[in-house]
Amino acid sequence: MAERDFGKNNAAQKPQIDFRPGGGGPRNMNARINGEKPKNTLKTLGRLFKYIGKSKYVLYALICITLLITTADLLSPVMQQKAIDTIKVVDGKLSVDFSKMTFFLAVMIVIYAVNSAFALTQGLISAKLSQSTIYVMRRELFAKISRLPIKYTDTHRHGDIMSRMTNDVENVSTAISQALTSLFSAILTLVGAFSMMLYYSPIMTLVALITIPLTIAVSTNLAKFMRKYFVRRQKLLGQLNGQVEEMVTGYKTVVAYGKEESALNTFGEISENFRKCSISACVWGSIMGPVMNFIGNLQYVLIAATGGYLVINGIGGLSVGSIQAMLQYSKKFSQPVNQIANQYST
């Protein structure tokens, strides 16, 4: 079988020679790669959530703990505002209500401590949900592969199939453990922060919304641009694994035909392409964070300037503590938008 496949590849003079016993050359590789994208993205996501739903009690616990974390996080700016407003200027003299300030500061400490404990619990539950989901998915994937006809394994690289079982499923695991909690928390924070901003100052809320279209436009275009590098990197990783698996299992055939140099050159070419693509993916992937931070800081400056103007002119009955709360809520409002943008790119 190995000699038969070698003969075919040698006759065709293709750059990637399949020495693996049992076939599995690159004959259908391009067809499979070109059909990489799901035909129905919503249906594919629905199938993924069915896997997640098999651990529904863990999922419910994760949702509850995320809700508690978000609630505690939204309470802290209110306590900051009340603590700052205990400092007043009366008849040109500074007046501080230390009893109230101490109380509000103590409440803030309790909130931060409880929030940290909740965050630790969230991480543990998220890890359990991720591993439980991947366990079921990997088990069913292996069962599916074991039922495939011989034609499939004969026309697909073994290393690439192995990459599906390991690297690709691991990426799904990462998405579940990080993206699921981040997305749910982002939505809750977005709604809560926006409501509190409207409560404090509708005018400053409108100013905060100015940067949202810019955030969406930049994140969408960046994600589309960097997507091709990450997709190509995964394809090259599958090819790299396939090449290694073929050379190891077909080592006797490689030596028998004196193709060591050819095998080295092929591996070197794929490895070099993978190195270049990985560098590009890392560079463009790291740009999203700084760009989003710049837009968030721009929003921060606009709100601070607007708040200062309103307080100086006595518009809206705002206090210094209220501006501080608005600044905190504006950061909490822009942070979920950035998270959603980053998860979209992921």
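Visitor: What makes Phe 225 partly exposed?
Guide: The relative accessible area of Phe 225 is 32%. Buried would need a value under 20% and exposed a value over 50%, so Phe 225 falls in between and is called partly exposed. Do keep in mind that this is a predicted model.

Visitor: Where does Phe 225 sit, and where is Tyr 229?
Guide: Both lie in helix α9, which covers residues 211-249. They are four residues apart, about one turn of the helix. An α-helix has 3.6 residues a turn, so residues three or four places apart point the same way.

Visitor: Why are Phe 225 and Tyr 229 called an edge-to-face aromatic pair?
Guide: Their ring centres are 5.8 Å apart, and the planes make an angle of 65 degrees. Rings pair if their centres lie within 6.5 Å, and planes over 60 degrees apart count as edge-to-face.

Visitor: Are Phe 103 and Phe 104 buried or exposed?
Guide: Phe 103 has 52% relative accessibility, so with a cut-off of over 50% it counts as exposed. Phe 104 has 14%, and because buried means under 20%, Phe 104 is buried.

Visitor: How do you know that the length of α9 agrees with its number of residues?
Guide: We compare two spans. With 1.5 Å a residue, the 39 residues of α9 should span 57 Å, and the C-alpha atoms at its ends are 56 Å apart, which agrees. There is also a kink in α9 of about 30 degrees, centred on Met 226.

Visitor: What makes Lys 332 buried?
Guide: Lys 332, found in helix α13 (residues 320-345), has a relative accessible area of 11%. That value is below the 20% cut-off, so Lys 332 is buried. Its contacts beyond four places away in sequence are with Asp 73, Leu 74, Ser 76, Pro 77, Thr 189 and Ala 193.

Visitor: Why is the link between Lys 332 and Asp 73 called a polar contact?
Guide: The side chains of Lys 332 and Asp 73 are joined at 3.0 Å. A polar contact needs N or O atoms within 3.5 Å, one able to donate a hydrogen and the other to accept it, so this link qualifies.

Visitor: What makes Thr 189 buried, and in which helix is it found?
Guide: Thr 189 is in helix α7 (residues 158-200). Its relative accessibility is 8%, under the 20% limit, so Thr 189 counts as buried. Among the residues that Thr 189 touches are Thr 70, Phe 194 and Pro 336.

Visitor: How far is Ala 325 from Pro 77?
Guide: Their C-alpha atoms are separated by 5.0 Å, although the two are 248 residues apart along the chain. Ala 325 touches Pro 77, as well as Gln 81 and Tyr 200. Ala 325 has a relative accessible area of 0%, so it is buried.

Visitor: What is the mean pLDDT of the chain?
Guide: The mean is 79, and 86% of the residues reach 70 or more. Over residues 1-35, the pLDDT is below 50. Where pLDDT is low, the predicted coordinates should not be read in detail.

Methods. Residues are numbered from 1 along each chain as its sequence is written. This is a predicted model: local features need pLDDT of at least 70, side-chain atom pairs count only at pLDDT 80 or more; totals for chains, interfaces and linings use all residues. Side-chain values use heavy atoms; hydrogens and water are left out. Buried means under 20% relative accessible area, exposed over 50%, partly exposed in between (1.4 Å probe, protein chains only). Rings of Phe, Tyr and Trp (its six-membered ring) pair if their centres lie within 6.5 Å; planes under 30 degrees apart count as stacked, over 60 as edge-to-face and the rest as tilted. Helices (H or I, at least four residues) and strands (E, at least two) are DSSP runs, numbered from the N terminus. The expected span of a helix is 1.5 Å times one less than its number of residues. The bend at a residue is the angle between axes fitted to the seven residues ending there and the seven starting there. Contact means heavy atoms within 4.5 Å. pLDDT is the predictor's confidence in each residue, from 0 to 100.
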